[in-house]
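Please examine the sequence and structure shown here. The briefing that follows is arranged by topic.

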Amino acid sequence: MLKRKMTDQLLAWKSNRRQAHEPQALLVKGARQVGKTYTITQFGENAYASFISLNFIEHPELKSVFEGPLTPQEIKERISLFNSGASFVPGDTLLFLDEIQDCPKARTALKFLAQDPDIDVIASGSLLGLNYMNDSSIPVGYERQIEMFGLDFEEFLWALGLGDTPFDAFRRHLATLEPFNQAILEKYLRHFRQYIAVGGMPAVVSVYVDSKNYGKTYEVQKQLLNTYLDDIAKFAEANVRNKARECYLSVPRQLAKENTKFRYGLVEKRGTARKFETALDWLRDANLVRYCYAVKTPEFPLKAYEDESKFRLYLNDTGLLCAMFGFEMMAALIEDTLKGPMKGGIYENAIACSLVKAGLSLHYWMNKGATQEIEFLFDKNAGVVPVEVKAGRGSTASLDAFLERDGVEAGYKLHAGNVGKVGKKFSLPYFMSSLVGEVSTR
């Protein structure tokens, strides 16, 4: 069983709801196959006397539970008609509404269910889980939303059986800036390359951990890729499904370029934003891709300076990205023989995923002459923090110049080297990328 950080968030939500007596349901959103159903089910079965689950995709007939009056009592009565074994233990029952995007009226009912002191309610949504039919009412004030991702690097190390020791050590090195022993550094750089190649999808990680067989791991990755492509065909509107598929499959080609700004011409010859932007938005809403917008001016708050016409696109999982290239990519990554722009693109995608999972936003900046580029920027302490990703061991001219700007207190170079600090520039190995937001810049 994979240990997930989401379990701690669920426990905290339960505790806070009880202590504060808050009438609030929880909506866990995220891409399909990231472990929402499994994690919530394990939590419900272990933390409550009674756990009741309704999955609206597996059992579409359950939508009728939410036809008619939406008082908690009547909903519970209708649930008991479909599930004679459902037991509502007062104060110790979790009702789980899975794949809630398939039942808009269940989303509306969250407002009323959240006010029932006898039950806790968690819903999960994937794909276009937040874009509901016009006749549904969003339960503003009665719903808390959190996002679930695939495994991050720390969870991956847990899956390998390494426990909390590695990240405890990473944080100590971050606080003291003491370099790693070279053997330990190489060990975790290799683990991070394994993580990039395998990715964070629970089904893939489980097969890898159980078998240590990259061939079997790759087969599961291909199955998940096909599932995502099938989801696009099934759930996307007819006028965008083919375009969304082509945009999704174009990401490896996009990342293989030196300047990874998204190019519509790589999706289709003479492709335009007008033709493909709706399809790209669908992929984003489905949590299959992440936008990283350019900023016209690298100043706080970054959101105010976004240039929506210029962006980079990253896949939600590097394992699936690598699988798009074929099985040989695994060996090239793990053995560190990959060269050229594609190496930079894959590492950028990996760092983008790490930053998002750490709760940081994604922006990038390039000066007008394209002579300076910062791969990632995030807001902190009413200022801007730059992050430069080095696929090799080259210099950091762009980062060095950026750090001379007024008000920039620190910046990060992520590389295949050791921990260090020169002036305002922190150098950190890739595997510490999720910790950049934890460093004090003052």
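Cys247 counts as buried, because its relative accessibility is 0%; buried means under 20% relative accessible area, exposed over 50%, and partly exposed in between, with a 1.4 Å probe and protein chains only. The structure is a predicted model, in which local features need pLDDT of at least 70 and side-chain atom pairs count only at pLDDT 80 or more, while totals for chains, interfaces and linings use all residues. Residues are numbered from 1 along each chain as its sequence is written, and side-chain values use heavy atoms, with hydrogens and water left out.

**Cysteines**

- The structure holds zero disulfides, a disulfide being a pair of cysteine sulfur atoms within 2.5 Å.
- Cys247 takes part in no disulfide, and the nearest cysteine sulfur, in Cys292, is 17 Å away.
- The sulfur of Cys292 lies 12 Å from the closest cysteine sulfur, that of Cys353, which is too far for a bond.
- Cys292 is buried, with a relative accessible area of 0%.

**Overall architecture**

- The protein has 15 helices and 13 strands; helices (H or I, at least four residues) and strands (E, at least two) are DSSP runs numbered from the N terminus.
- The radius of gyration is 23 Å, close to the 22 Å that the globule rule gives for 442 residues, so the protein is as compact as a globular protein of that length.
- That radius is taken over C-alpha atoms, and the globule rule is 2.2 Å times the number of residues to the power 0.38.
- Taken along the principal axes, the C-alpha atoms fill a box of roughly 65 × 50 × 50 Å.
- Of the 442 residues, 54% count as buried.
- The accessible surface comes to about 19,200 Å², of which 49% belongs to carbon and sulfur atoms; accessible areas come from the Shrake-Rupley method with a 1.4 Å probe, and for residues only the protein chains shown count as cover.
- Among contacts between residues at least 6 apart in sequence, 68% join residues at least 24 apart, where contact means heavy atoms within 4.5 Å.

**Nonpolar cores**

- A nonpolar core is a set of buried Ala, Val, Leu, Ile, Met, Phe, Trp, Tyr and Cys residues joined through side-chain atoms within 4.5 Å.
- The largest such core has 110 residues, and those with the most contacts inside it are Ile122, Phe170, Tyr248, Leu283, Phe376 and Phe431.
- Apart from this core lies another, of 24 residues, with Leu54, Val65, Leu97 and Ala109 among them.
- Beyond its neighbours within four places in sequence, Phe170 is in contact with Phe153, Leu157, Phe180, Tyr188, Phe431, Met432 and Leu435.

**Salt bridges**

- Side chains of opposite charge can pair when their charged atoms come close.
- A search of the whole structure finds 22 salt bridges, each a side-chain nitrogen of Lys or Arg within 4 Å of a carboxyl oxygen of Asp or Glu.
- Lys76 forms a salt bridge with Asp116, with 2.8 Å between the closest N and O atoms.
- This pair links distant parts of the chain, 40 residues apart: Lys76 is in helix 3 (residues 72–82), and Asp116 is in the loop between helix 4 (104–113) and strand 4 (119–125).
- Lys76 and Asp116 are both buried.
- Glu373 and Arg312 meet through their side chains in a salt bridge at 2.3 Å, N to O.
- That pair also links distant parts of the chain, with Glu373 in strand 9 (residues 373–380) and Arg312 in strand 7 (residues 306–315), 61 residues apart.
- Arg312 is buried, its relative accessible area being 0%.
- Asp400 and Lys425 form a salt bridge in which the closest N and O atoms are 3.1 Å apart.
- Asp400 belongs to helix 15 (residues 397–402) and Lys425 to strand 13 (residues 425–429), so the bridge links distant parts of the chain, 25 residues apart.
- Asp400 is partly exposed, with a relative accessible area of 34%, whereas Lys425 counts as buried at 14% relative accessibility.

- Arg4 is placed in the segment before helix 1 (6–20) and is buried, with a relative accessible area of 8%.
- Not counting residues up to four places away in sequence, Arg4 touches Val34, Gly35, Thr39, Met148, Phe149, Gly150, Leu151, Glu155 and Pro202.
- Ala410 is placed in the loop between helix 15 and strand 11 (411–415) and counts as buried at 2% relative accessibility.
- The C-alpha atoms of Ala410 and Val387 are separated by 9.4 Å, the two residues being 23 residues apart along the chain.
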